Structures are given as structure tokens and as C-alpha cells.
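Keep the picture beside you as you read.

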Amino acid sequence: MAIDVRIPTILRQYTGGAKQVEAKGDSLGALIDDLDATHPGLKGRLVTDEGTLHRFVNVYVNDEDVRFTGALDTTLSDGDEVTILPAVAGG
Amino acid sequence: MLTLDRQVVDAIVAHARRDHPDEACGIVVGPVGSDRAERVVEMTNALRSMTQYEFEPAEQRKVYRELDDRDEEVVVVYHSHTATEAYPSRTDVRHASQPQAHYVLVSTRDPDDAELRSFRIVDDVVTEEEVRIAG
């Protein structure tokens, strides 16, 4: 099962500069574990020590924001596309 | 130091004035690796608030995809403060996650004189930088 993952500029240091990489997993959490195996350090930028998605990132599966589809438990299917973006906010 | 063309400064200020008293937000993009802030992209403040901003996620996803396709990247992240000075708030510092970006703030509290300043925010440390206006 191959999932395309779009990597934001600020995390391309972990992917050798690649904008897009391929990974495997039947859930977002499993996909991130697989990503971290090939691109060590990436998981630490996406998932907190408590095991939740970091507040600084927004993750989409196709057009869906994973905050509304189960976060790390979001299920993935062959051909899905995952997009990781920095959350931009302030006061 | 951040160099901005006069027209980029004018576009940011015009956007901030238009959205006042809500906070306006957006980016200035340029070719990857260039550190040149060339093209202003106004973003929607999803919070439509006088004291906070957040890029509207679906719009951001579309805009950032286009940047990738054009080999451009975010050089400046800007937003306005509508009642206080153009200096990063505690919330701004807490949310700043892009050490490579220039964080530009514009204050619209004075209707006649917009204040525009630029900062680096790295590991919760704010460092102001000079803004040189060209053209």
C-alpha cells in the first residue's frame, strides 16, 4: 500500500529536500511510524511526547483535515494523499 | 535584514487597512532559497478576530500546493495588530514555528501612519531586524 506524502518546506531537511515521499500504513499513526523509519526525526516534529499530533502542524488526507476524521487514528487507503502543512496562527 | 519593494509594503498595509478592525494575515513568497519576498498572497483570517488570526486551512492547503508547483516558498508571514504596536504578542511567539521566515507585523491603530516591523522568532526568542524599503 503506497501513500504519497507532501512534505512542507520546514521539514524537508528530513527528506533530503524532497517535496513528496512515499510511505505505508493503514492509519495516519502507522504511516508516520513508517515515515520515521525512512526519515528519522520526522515523527518528533509531528507527534508530541503524549502521542498526539503537534499543534504546529495541520495534516490532511486528500481534502479532509484529520482533526475531524480521527487524528492519528484516521484510516488510509491505497492511493490516498497526505499533506502536512505548518499551522500558521497568532494573536 | 529584510528588503521589501515599496509595492509589497503598500499591498500589506492596504490589506491590513481593509480588514481593520479585524486582524489581516498573509504571506509574501519568492523562489525557493532566494529569501526574496516578491509576491503578496492575502490569506483569509479564519478567526475573523480583532485579537487573533489563523490561516483558513483549506485555502492554505491550496495556496501552499501552488507554491510547491511553482518552486516558490514562504519568505514572509505577515499579520496586523489593530490596537497595539507592531511587535509579536505572546501568542505570536508561542505559535511561531518557522525559523526561516521573516515575521512582519503591521499596526493599524493609527489611521494615518501604519507601523511595519520585521522579526525573526526562533525557539521563543524574538529578534527585530531592519526593514529596507526599495523602489
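Two strands are said to pair if DSSP finds at least two bridges between them. Helices (H or I, at least four residues) and strands (E, at least two) are DSSP runs, numbered from the N terminus. One more thing before we set off: this is a predicted model, where local features need pLDDT of at least 70 and side-chain atom pairs count only at pLDDT 80 or more, while totals for chains, interfaces and linings use all residues. Residues are numbered from 1 along each chain as its sequence is written, chains are lettered from A and ligands numbered from 1 in the order in which they are written, and side-chain values use heavy atoms, with hydrogens and water left out.

Let's begin in chain B, with an open sheet of six strands. Their order is β3-β2-β5-β6-β7-β8 (chain B), and the pairing is mixed. At the edges stand β3 (39-43) and β8 (125-129) of chain B; each has a single partner strand, so one side of each is left without a neighbour in the sheet. From one strand to the next, the twist averages 30°. Now pick out β2 (residues 25-31) and β5 (residues 72-81) of chain B, which pair in the antiparallel sense over seven bridges. If you find B:I27, its bridge partner in β5(B) is B:V77.

Helix α1 (residues 6-19) of chain B touches β2, β3, β5, β6 (102-107) and β7 (115-122) of chain B, and its direction makes about 15° with that of β3(B). Helix α2 (residues 57-69) of chain B touches β2, β3 and β5 of chain B, at about 160° to the direction of β3(B). Contact here means heavy atoms within 4.5 Å; axes are lines fitted to C-alpha atoms, for helices over the stretch in contact, and angles run from 0 to 180 degrees between N-to-C directions.

Which residues of α1(B) are buried? They are B:V8, B:V9, B:I12, B:V13, B:H15 and B:A16. Seen down the helix axis, they fall within an arc of 155°, so they line one face of α1(B). That arc is taken from the directions from the helix axis to the C-beta atoms. Buried means under 20% relative accessible area, exposed over 50%, and partly exposed in between (1.4 Å probe, protein chains only). On the other side of α1(B), B:Q7 and B:R18 are exposed. Take a look at B:H15, buried with a relative accessible area of 2%. Leaving aside neighbours within four places in sequence, B:H15 is in contact with B:A24, B:C25, B:E42, B:M43 and B:Y78.

Chain A has a helix to compare. In α1 (residues 28-38) of chain A, the buried residues are A:L28, A:G29, A:L31, A:I32 and A:L35. Their arc is 160°, so they line one face of α1(A). The face turned away carries the exposed residues A:A37 and A:T38.

So where do the chains meet? The contact takes 27 residues from chain B and 22 residues from chain A. The area buried between them, meaning the accessible area (1.4 Å probe) that two parts lose on being put together, summed over both, is about 2100 Å², with 46% from carbon and sulfur atoms. In chain B, B:R61, B:D68 and B:H95 lose the most area to chain A, together 30% of what that side buries.
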